[in-house]
Amino acid sequence: MVAQIPVTVESDSGPDYDVSLAEQCEQRELEMSFKEALSNDKRLIWSSVGFSGTIIMEGYGLAMITYLFASLEFQKKFGESYVNEKGETAYLLPYVWQTLFPIMAQVGSIVGILIASPMHRFLGYKKAVLLMLACLAGLTALPFASTSGEILMAGFFLEGIPWGTFQVLSPGYSSEVASLQLRPILTTWNNLCWVIGQLLAAAFIKGFDEISGAWSYRLPFALQWVFIVILLIAVSFAPESPYWHLENGRVPEARAAAKKLVRKGSPERTEEKLALMRHTIHQESRADRESIEGSAWKRYTALLQGSERRRTEIACVTWLIQAMCGSCLIGWAPQFMETAGLSPSDSYSINIAIPFAGLLGTIASWWLMLKWGRRKIYFWGCLFMGIVLVAEGFSSFDQNEKTRGFVAGGILIIFTAIYDLTIGPVCYCIVSEIPSIRYRTPTLSAARGTYLLFNLINYFINPLMFSGDKWNWGPKSGYLYAAICLLGAAYTWLRIPETDGVSARELDILFQHKIKARDFSAPLALQLDGHGQGNVRVESHSSIVVDEPKKA
């Protein structure tokens, strides 16, 4: 019997590592069933869930801003009075505040995503998130105690900064610590946390709407402190991402962090996990050593070079599609339904059902992704959402205001269910998996920045579409977003690859060989890995042709 000699590789992230251990870990993750992954990786699940919980803060905060626009007490404090068609005194939040309140929160989030990457680089995921949670605890006092629209606007801007960092750091951490089978669940959990935040905002604002005076809208602000305390405790017990330690040459710290993520702290599994992570970093460093060894600025410009340019484009456009596919209608649901013909009370009642539809849709998406992957769900999600949005537009022809409002609200619930079954959660999965390990946080920052910039367009035009004294489109706005959904489906078919069952190292291989989106697969990556640097032609999903480089 011949003994197997371990193959070692000189690594950029510390001492030599055993390649056979890395390959053994990669093969185990490929062959592991979903049930086995749930049983073996409970530690990393809880660690990831703690970080993802920060997205609840963002979902709650942003939903609360627009939900409050339909609150009578909020309108009395920050709005203007007028005499309606019935001769009664009514209140309306001016267009300038309807526009600036959410926009300033988005601008703050853009600042947050700009500082997220350098914070991750110098502090790591854990310390950066803890710091931002502590900052958010202090900043929440500003909107809570605000007495004018200007102070409230400043408070939303400052709160947006921590929200922006959470948008980058949470999916990045989830993607790095997750095993192959759990990666779609833990990355899409971020979307579920967003939905949970919206659900809590809808429930609390509806519950507190009956209270007279300023406490009607101050209590929802105050509840953020409860969330912050819970999240501070949860994140404190989670380990730092081993990848971050390895990128900083801290192999012992990476080993300690990996040990906290594997089942029962098994030393064997710890070494396997560590070897795979180092092998992935080594795979990437071979392709972009020049940009890595350059200046900090060169690391960011590398996002637009080589295979990183394609990865950055896919991540950015994937999140752009999510921003412009009509998802903004969910956040503006109460005012949208009021424009359609419902009373504020009926609008809030139906609005509670919308996050519930999103909750069920996201949970169902976990099963769907196990069957269909990512690319196919994103494509069909865009198409079905476009059809539903056209139906939303047709509802505007009903002459009975109350009937029109209930029909529009019912269709919006169906739209939300489809969105959170497809585009909503799968987007988080795609943008977390597409970036390389070395450029994950800069790529996520660029992608989320694209989302926020295009979302600013929504915040400018939505008050115009849903205000009775402006465009007053109401359900007709569905036509606009239906057209964008069709464009999103076309892009998905042409550019977004399938990442289901493909490890981070295998994605590096496929992108480096410039494989077409429709041909991405783990078996193809393994074939390419054994063919060196020849020019590759894919003739079918199961065969490749390698043209060896010509000798001089």
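The notes below start with the model as a whole and end with a single residue.

**Basis.** I am working from a predicted model, where local features need pLDDT of at least 70, side-chain atom pairs count only at pLDDT 80 or more, and totals for chains, interfaces and linings use all residues. Residues are numbered from 1 along each chain as its sequence is written, and side-chain values use heavy atoms, with hydrogens and water left out.

**Confidence.** I looked up pLDDT, the predictor's confidence in each residue from 0 to 100. The mean for the protein is 82, and 88% of its residues reach 70 or more. I noted residues 290-295, over which pLDDT stays under 50. For this stretch the model has nine contacts (heavy atoms within 4.5 Å) beyond four places in sequence. Over residues 546-552 pLDDT also stays under 50, and there the model has nine contacts beyond four places in sequence.

**Overall.** I find 25 helices and six strands, taken as DSSP runs numbered from the N terminus (helices H or I, at least four residues; strands E, at least two). Of the 552 residues, 58% are buried, meaning under 20% relative accessible area with a 1.4 Å probe, protein chains only. Among contacts with a separation of 6 or more, 76% join residues 24 or more positions apart.

**Cores.** I took a nonpolar core as a set of buried Ala, Val, Leu, Ile, Met, Phe, Trp, Tyr and Cys residues joined through side-chain atoms within 4.5 Å. The largest has 135 residues, and Phe74 and Phe101 touch the most other members. Helix H6 (residues 95-139) supplies the largest share of this core, 14 residues. Beyond four places in sequence, Phe74 has contacts that include Leu93, Phe101, Leu152 and Tyr217. A second, separate core has eight residues, among them Leu246, Ala254, Ile281 and Ile437.

**H4 and H6.** I checked how helix H4 (residues 54-67) lies against H6: their axes come within 12 Å and cross at roughly 170°. H4 is therefore roughly antiparallel to H6, the term for angles over 145 degrees. Axes here are lines fitted to C-alpha atoms over the stretch in contact, with angles from 0 to 180 degrees between N-to-C directions. On the H4 side the contact is made by Thr54, Met57, Leu62 and Ile65, and the H6 residues include Phe101, Ala105 and Leu133.

**Thr187.** I located Thr187 in helix H9 (residues 183-208). Thr187 counts as buried because its relative accessibility is 0%. A polar atom of its side chain lies 3.3 Å from the backbone oxygen of Pro184. Not counting residues up to four places away in sequence, Thr187 touches Ser174, Ser175, Tyr428, Cys429 and Ser432.

Technical notes:
Buried < 20%, exposed > 50% of the residue type's maximum accessible area, 1.4 Å probe, protein only. Polar contact = N/O pair within 3.5 Å; in protein donor to acceptor, adjacent residues only side chain to side chain. Parallel < 35°, antiparallel > 145°, perpendicular 65-115°, else oblique.
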